[in-house]
Amino acid sequence: LCLFSCWEIVSPFGLTLRLLPLSAVYGYQAQQIMNNSDGGGSDISRIKELTTREVDLSPARADGWLRLAMIASVERQPNTTISSLLEKSYLVAPLDPQIFVPRTRFVLEHWNNVSAGVREEALEAVRAGWLNWIQQHEIQMLPRRIANPAGRLAIALEIAKLSSLSGLAGR
C-alpha cells in the first residue's frame with residue numbers, strides 16, 4: 001500500500017513535490033490487522049500505533065476513535081478513557097452508517113461501563129437509524145448478538161418503544 005499521497009504544491013518559487021501521509025491508509029492497515037489478529041500483544045501495539053497515527057492526521061475519523069476505544073477495552077484501561085474515545089467517535093460522526101453496527105454493538109457490550117452520555121448517543125443513533133438509513137432488520141437483530149444482559153435489555157426496550165411508536169408492535 002502506498003503510505004503517501006503525492007501532491008504538487010505551488011510555492012512562490014515554482015512547483016515543489018511534497019509527500020503527505022494519508023490517514024485512511026493507516027486506518028485500513030490497523031483494521032486489517034485487527035480482523036486477522038489473535039489478540040496478541042504485538043498485534044494490539046501495532047493496531048494502536050497505526051490508529052493513533054490515523055487520528056493524529058485526521059481527527060474526524062470516527063472509525064479510528066472507535067478502534068482506539070476497542071483497544072482501550074482490551075488493555076483494560078479505565079472506563080472513563082473508553083467513554084472519552086467513544087464520545088469523540090460520536091462527536092465527529094454521530095450517524096455514520098458504516099460504523100453504526102460495530103459501534104452500537106461495542107457500546108451495548110460495555111453498557112454497564114460506558115458513560116450515560118455515550119449510552120444516550122448510541123440510543124439516538126438507533127432511533128435515527130430506525131427511521132432513516134439503517135434497516136430495521138439490522139437493529140432488530142442486535143439483541144440476539146449482545147452477550148451483556150444490561151446492553152441486551154437496553155436495546156430490547158428501545159426496539160419495543162420504537163416499534164410501538166411506528167405501529168410495528170405485534171407484527
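1. A word on burial before anything else: a residue counts as buried under 20% relative accessible area, exposed over 50%, and partly exposed in between, using a 1.4 Å probe and protein chains only. With that in hand, look at helix α5, residues 100–109, where the buried residues are F100, R103, T104, F106, V107 and L108. Helices here are DSSP runs of H or I with at least four residues, strands are runs of E with at least two, and both are numbered from the N terminus. The cover over the buried residues of α5 includes α3 (62–74), α4 (79–92), α6 (116–131), α7 and α8.

2. Some ground rules. This is a predicted model, in which local features need pLDDT of at least 70 and side-chain atom pairs count only at pLDDT 80 or more, while totals for chains, interfaces and linings use all residues. Residues are numbered from 1 along each chain as its sequence is written, and side-chain values use heavy atoms, with hydrogens and water left out.

3. Now the whole chain. You'll find eight helices and two strands, and reading along the sequence gives β-β-α-α-α-α-α-α-α-α. Of the 171 residues in the protein chain, 37% are buried. The chain exposes about 9700 Å², with carbon and sulfur atoms supplying 57% of that; these areas come from the Shrake-Rupley method with a 1.4 Å probe, and for residues only the protein chains shown count as cover. Contact means heavy atoms within 4.5 Å. Take the contacts between residues at least 6 apart in sequence: 53% of them join residues at least 24 apart.

4. Back to α5, this time with α6. The two helices pack at an angle of about 140°, and their axes are 10 Å apart. Axes are lines fitted to C-alpha atoms, for helices over the stretch in contact, and angles run from 0 to 180 degrees between N-to-C directions. Angles under 35 degrees count as roughly parallel, over 145 as roughly antiparallel, 65 to 115 as roughly perpendicular, and the rest as oblique. The pair α5 and α6 is therefore oblique. From α5, F100, T104 and V107 meet V118, R119, A122, A125 and V126 of α6. Sorted by class, that contact has six nonpolar residues, one polar and one charged. The classes work like this: Ala, Val, Leu, Ile, Met, Phe, Trp, Tyr, Cys and Pro are nonpolar, Asp, Glu, Lys and Arg are charged, and the others, Gly among them, are polar. As background, an α-helix has 3.6 residues a turn, so residues three or four places apart point the same way.

5. Next, α7 and α8. The axes of α7 (residues 136–145) and α8 (residues 149–165) come within 8 Å and cross at roughly 150°. That angle makes α7 roughly antiparallel to α8. The crossing of α7 past α8 is left-handed, meaning that the near helix is turned anticlockwise from the far one by less than a right angle (clockwise would be right-handed). On the α7 side, I139, Q140, L142 and P143 meet R152, I155, A156 and I159 of α8. The residues of this contact divide into six nonpolar, one polar and one charged.

6. Helix α8 also packs on α6. Here the angle is about 35° and the axes are 11 Å apart, with α6 passing α8 in a right-handed crossing. The contact is made by L123, V126, R127 and W130 of α6 together with I155, E158, I159, K161, L162 and S163 of α8. By class, the residues split into six nonpolar, one polar and three charged.

7. What does S23 touch beyond its neighbours within four places in sequence? S23 is in contact with E54, L57, S58 and R61. S23 sits in helix α1, residues 23–36, and is buried, with a relative accessible area of 13%. Y26 also has its place in α1 and is buried at 7%. The C-alpha atoms of Y26 and E54 are 5.4 Å apart, although the two residues are separated by 28 residues along the chain.

8. Last, have a look at the loop between α3 and α4. R76 is found there, exposed, with a relative accessible area of 75%. Its phi is near 55°, a positive value in a residue other than glycine. E75 is in the loop between α3 and α4 too, but at 33% relative accessibility E75 counts as partly exposed. Not counting residues up to four places away in sequence, E75 touches I44 and K48.
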